[in-house]
Amino acid sequence: NAEYMGCGVKDPSFDKQRLDVHYYTDCPMLTSCAGCKETVEVASLAEHLQDECERSASFKLCPRCKEPIRNTDYPSHVAARQCRVHKDPAKFSRCPLCHDDIPPGDAGWAKHLMVDKCPANERTRKR
């Protein structure tokens, strides 16, 4: 009985290949990076885009919402001033998919992505 700890899905059919498929296409806790297409945790996507992504130079941090914005979209994003103002990270996490503020920590992410099913998460919308 293999278990991927990220989402807690238990499936007796999980072998290495099926677990890989789960990671790359199904797991709602993971997403594909818009910059490099690498599979990363939704919770760490913003940090990935800033620090780890091979295309991090293609993104710039918005001073208002503190989210990475594509350089091509940055001038209009900042000028519009319609993004949500960044809140205290000790009290809130910001979902990089739907841009909603959610409770911080693993429990907040699990509830948002697994229970509430983030409306912008393609992996839960396709079901």
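I began with Lys16, which is exposed at a relative accessible area of 63%; in these notes exposed is over 50% relative accessible area, buried under 20% and partly exposed in between, with a 1.4 Å probe and protein chains only. This is a predicted model, in which local features need pLDDT of at least 70 and side-chain atom pairs count only at pLDDT 80 or more, while totals for chains, interfaces and linings use all residues. Residues are numbered from 1 along each chain as its sequence is written, and side-chain values use heavy atoms, with hydrogens and water left out.

**Entry: salt bridges**

I looked up what Lys16 pairs with, and found that its side chain meets that of Asp20 in a salt bridge, at 3.4 Å from N to O. The term stands for a side-chain nitrogen of Lys or Arg within 4 Å of a carboxyl oxygen of Asp or Glu, and by this rule I count six salt bridges. Lys16 and Asp20 are four residues apart in helix H1 (residues 16-26), so about one helical turn separates them; helices (H or I, at least four residues) and strands (E, at least two) are DSSP runs, numbered from the N terminus. Asp20 is partly exposed, with a relative accessible area of 25%.

I then turned to Glu67 and Arg94, whose side chains meet in a salt bridge at 3.5 Å, N to O. This pair links distant parts of the chain, since Glu67 lies in the loop between strand E5 (59-61) and strand E6 (68-70) and Arg94 lies in strand E7, 27 residues apart. Both Glu67 and Arg94 are buried, Arg94 at 14% relative accessibility.

Arg94 also forms a salt bridge with Asp101, where the closest N and O atoms are 2.6 Å apart. Through shared partners, salt bridges join Glu67, Lys87, Arg94 and Asp101 into one network. I noted Asp101 as partly exposed, at 21% relative accessibility.

**Entry: helix H4**

Which residues of helix H4 (residues 105-115) are buried? I find Gly108, Trp109, His112 and Leu113. Seen down the axis of H4, these buried residues fall within an arc of 105°, so they line one face of the helix; the arc is that of the directions from the helix axis to the C-beta atoms. The face turned away from the buried side carries the exposed residues Asp106, Ala107 and Val115.

I checked what the buried residues of H4 pack against, and the partners are strand E7 (93-94), strand E8 (101-102) and helix H5 (122-125), contact being heavy atoms within 4.5 Å. Just after H4, I noted that Lys117 takes a positive phi of about 55°.
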